[in-house]
Amino acid sequence: MKAPYYVATGSHNEIVMLYLEDCIEGMGKRLQKGSVDIVVTSPPYNIGVPYNSYQDQVPRKDYLAWIEKVGEKILRVLNDDGSFFLNVGGTPSDPWIPFDIAQRLRRHFALQNVIHWVKSIAIGKGDVGNYPNITGDIAVGHYKPIAGQRFLHDCHEYIFHFTKTGRVPLDRLAVGVPYQDKSNIGRWNRAKQDKRCRGNTWFIPYETIRDRERERPHPSTFPIGLPEMCIKLHGLIRTRVVLDPFMGIGSTALACLRLGVSCIGFEIDQKYLDVASRRIRSYLDSPKPSRLSLPQAEPSPATL
Ligand SMILES: C[S@@+](CC[C@H](N)C(=O)[O-])C[C@H]1O[C@@H](n2cnc3c(N)ncnc32)[C@H](O)[C@@H]1O
C-alpha cells in the first residue's frame, strides 16, 4: 500500500499524515467507514484559478458530478456525529457556484449552519452607536478588488456546515466573543461567563506575510484561523481525527497541530505538499508559548 508522502508528530502526540494522492481514491482506499470526526476543506471552485497542475475549468455539469462524488466519499468516512465544513466562494460574474455545490450535497447531507467568512468589513462609527471601544470608522481586512460598475468588491465566502442529521451538538462558546455590555453576564441563566455565541459571520483575516512567493506559494489558500475555528466549533473534546481532502499547502494540518488533534490530508500536487511539509516542520521547530492543557479526546482510531 502506498505510504504517506509526509508524516509528522506534534507535541501532544497528534499525527499528521499527508498523502500525495487523488482524494476520491485515497478516501476510498485508506480510510475506514466512520473514522473521521471533522472534514474541513476548500475544493477548487472551477473558476480558472492557475494551480500548479490541477486544471480548474471543466464543464459545470462534470464539475458538479465530481464534487458530489467527493461528498459521497466524505459521507462514508465521516462518523455519524461528525461535521463537514466546506469553504467555497463564487465570482461576481458566476455567483451561483456555491449554491450549485450546496444543492448537490443536499442529496447526502443536512445543511446545519451557513457561516459567512468575512474577509473585509467597513463599520462606520455613526452606525455603531455608543460602544466605548470603537472611537472611529473601521475598515479592516483584505478583499478582491473588482473593476467596473456592475459588481461590488468580493469580500466574503461561504463555509457550509454539513452534518448527517442536522442535529450535531456544537461547542459554540469555544469560538464565542466577549460581551460588549458586561452587565449581560449573569443576566440570563445561560450567560454564566463573559462569552456569547459569535453567530454565523466570522471575520477571519489572512496572516500578514512579507514574501508571498516564499511563504504562501499557492493561488487559493484559506487562513489557518478558518479550520481552527471550525474544529473548535465542532468541539475539541470530541475530535480525534480531522480530514482535509484538498490539503493545498497545509493550512488545515497547521490548525490541527495548534490544537493538538490528528490530521489526514490528500493533495495531488507534489509542489504544494512540499510547501506543506516545510511549513509544518518550521511550525514544529519554532518555540511556542507554553500552551494551556488541551482537552483530550479518546485515543486515535485504527486509521492512524
Ligand atoms: C482551494 S485549494 C486548497 C488550499 C488549502 N485549503 C490551503 O489553505 O492550502 C484546492 C487544492 O486541491 C488540490 N486538488 C485538486 N484536485 C484534487 C484531488 N482530486 N485530490 C486532492 N487534491 C486535489 C489542488 O491542487 C489545490 O491545491
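Author: Start with the open spaces. The largest pocket has a volume of about 670 Å³. A pocket is an open set of points on a 1 Å grid over the protein atoms alone, with protein on both sides within 12 Å along at least five of seven lines. Points are joined across faces, edges and corners, and the volume is the space filled by probe spheres set on them.

This is a predicted model, where local features need pLDDT of at least 70, side-chain atom pairs count only at pLDDT 80 or more, and totals for chains, interfaces and linings use all residues. Residues are numbered from 1 along each chain as its sequence is written, and side-chain values use heavy atoms, leaving out hydrogens and water.

Reader: Which residues are closest to the centre of the largest pocket?

Author: Lining residues have an atom within 4 Å of a point. Here there are 20, and Ile123, Ile134, Val177, Gln180 and Arg196 are the closest to the centre. Strand 9 (201-203) is one of the elements giving two or more residues. Strand 9 gives the most, with 3 residues. Strands are DSSP runs of E, at least two residues, and helices are runs of H or I, at least four, numbered from the N terminus.

Reader: How does the lining of the largest pocket divide by class?

Author: Ala, Val, Leu, Ile, Met, Phe, Trp, Tyr, Cys and Pro count as nonpolar, Asp, Glu, Lys and Arg as charged, and the others, Gly among them, as polar. This lining has 13 nonpolar, 4 polar and 3 charged residues.

Reader: How many cavities of 30 Å³ or more are there?

Author: In a cavity, a 1.4 Å probe fits but cannot get out. The search finds 2 of 30 Å³ or more.

Reader: How do helix 2 and helix 3 cross?

Author: Two packed helices are described by the angle and the distance between their axes. The axes of helix 2 (residues 60-77) and helix 3 (residues 97-105) come within 9 Å and cross at roughly 50 degrees. Axes are lines fitted to C-alpha atoms over the stretch in contact, with angles from 0 to 180 degrees between N-to-C directions. That makes helix 2 oblique to helix 3; oblique is what remains after under 35 (roughly parallel), over 145 (roughly antiparallel) and 65 to 115 degrees (roughly perpendicular).
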